[in-house]
Each structure stands twice: as C-alpha cells, then as structure tokens.
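Okay, thanks everyone, let's get going.

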Amino acid sequence: TPGQGTVALFGSALRTSMSATCVCRFCHFTRCTMRCGCLGGRPVALLVATRKGAWLYHGDAGRKTWRADGPHFLGHVVSHIVLDPRDGRTMLAAAKTGHLGPTVFRSTDRGRTWKEAARPPAFAKAPEDEKGRTVDHTFWLTPGHRDELNVWYAGTSPQGLFRSNDGGVTWAPFSPVNDDMLYRKWMGTVQ
C-alpha cells in the first residue's frame, strides 16, 4: 500500500520507508507477466514516492546499473506516482505540499516537466449550518480501463473517490458516498 513502507518490484516485496511502482518501459504494465519479454532484457523504470519527494530510477536491461532522476517535488510528501500504461508517457503524482495542500501533479513527457491539476480532488462545499470535509491527502491514483482514455481515479483520506475525465487536469467526486451524511457510520471515523 502506498505510504506504508512497501516497494512493489515485479510482485515481490521489499521493506523500506517509501512506496514505489516498477513499470516496464515497453509494455507499460506495473506487474509485467513477461509476455512482452521486458524482464528478459529491456530497461525498466522504478517510480519512488516518499515523504521527501519523488524519484524515478531508470535501470538497464540487466538491472545492474541504475540512473536516478530527481528529486521531483523536493520537500513535499508524495503518496503515489503512476505511469499511465495506456500511453506510456503520462504520469500522475499525488502530493501534499506545504503551501498548496493536497494536490495532483501531471506530466505528459515521462516526468521531465510537471503541472499542477487545475482542480485537484476536493469534497463539495457543505451547507452553511453543516460541518464539511476537506481532503487531507490523495493516497491512490489509478488510470481507467484501456478503452477510457484520459480517465483516472483518485482515492483520498478522509474516504473519498474522485474521477478525472481529462487526464488528471480536473477532478470531480465520483461516488455518492463522498457526500452521504451517513459515511462515518458506514466507514468509521474520518481518517
């Protein structure tokens, strides 16, 4: 689980103080089944999200030599960073910044440049006489189905599900649970 100290590396787990996703640079799957042959001799990229920023590690075909690219978002808590397997170029990073608060950053050039989401995941404003909720952080990002180009989903804390239809530029609540007044009864306390 991102942020809980596990690095996913081709299905095996390595305990560490960061979260990461290993992505095949050719077939673009995070858990490659070797159908593309990528584990048999093609370079890979390891995407690492930490409490101090994000790094991209590029490995050679034999996984003997690695090149570090970063830090990206130095000093910010990055909960999750994902490469879109549908195009192999778009990356999203969920970050909690000191001055911007929780947000999502987007790159369309494999992490060379980043732009902040124009409208990051946020709960609807509560009526004046009710207590509203505020997104503390986005902990999970995942692209939609391969037939849903530009669709992304984001999981937040407190519990919320959001969807982007424009590749992560703008986000909107996706689940009716987000605004249901009984959510605490169903899901427990605000996390």
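Predicted model: local features only at pLDDT ≥ 70, side-chain atom pairs only at ≥ 80, totals over all residues.

I'll start with the overall numbers, then go to a sheet, the salt bridges and one asparagine.

The protein has 191 residues, and 41% of them count as buried. In secondary structure we've got 1 helix and 14 strands. The accessible surface comes to about 10800 Å², with 54% of that belonging to carbon and sulfur atoms. And if you take the contacts with a separation of 6 or more, 37% are between residues 24 or more positions apart.

Okay, the sheet. Four strands make an open sheet, in the order S7-S8-S9-S10, with antiparallel pairing. S7, residues 77-83, and S10, residues 115-116, are at the edges with a single partner strand each, so one side of each has no neighbour in the sheet. S7 is joined to S8, residues 91-97, by 6 bridges. If you want one to look for, Ile 81 has Ala 93 in S8 as its bridge partner.

Now for the charges. How many salt bridges does a search of the whole structure find? It comes up with 3.

Take Arg 86 and Asp 84: their side chains meet at 2.8 Å, N to O. Buried or exposed, that Asp 84? Buried, with a relative accessible area of 4%. Arg 86 counts as buried too, at 18% relative accessibility, because the cut-off for buried is under 20%.

Next, Asp 136 pairs with Lys 96, and the closest N and O atoms there are 2.8 Å apart.

Glu 148 lies in the loop between S11 and S12, and Arg 163 in S13, so here the parts tied together are 15 residues apart in sequence. Glu 148 counts as partly exposed, at 26% relative accessibility.

Last stop, Asn 178, in the loop between strand S14 and helix H1. At 3% relative accessibility, Asn 178 is buried. What does it touch, leaving out residues up to four places away in sequence? Phe 123, Arg 133, Gln 159, Gly 160, Leu 161, Phe 162 and Pro 173. Arg 133 is 45 residues from Asn 178 along the chain, and their C-alpha atoms are separated by 9.4 Å.

That's my tour, thanks.

Notes:
Residues numbered from 1 in each chain as written. Heavy atoms only, no water. Pairing = 2+ DSSP bridges. Helix = DSSP H or I, 4+ residues; strand = E, 2+ residues; numbered from the N terminus. Buried < 20%, exposed > 50% of the residue type's maximum accessible area, 1.4 Å probe, protein only. Contact = heavy atoms within 4.5 Å. Areas by Shrake-Rupley, 256 points an atom, 1.4 Å probe, with all protein chains shown as cover. Salt bridge = Lys/Arg side-chain N within 4 Å of Asp/Glu carboxyl O.
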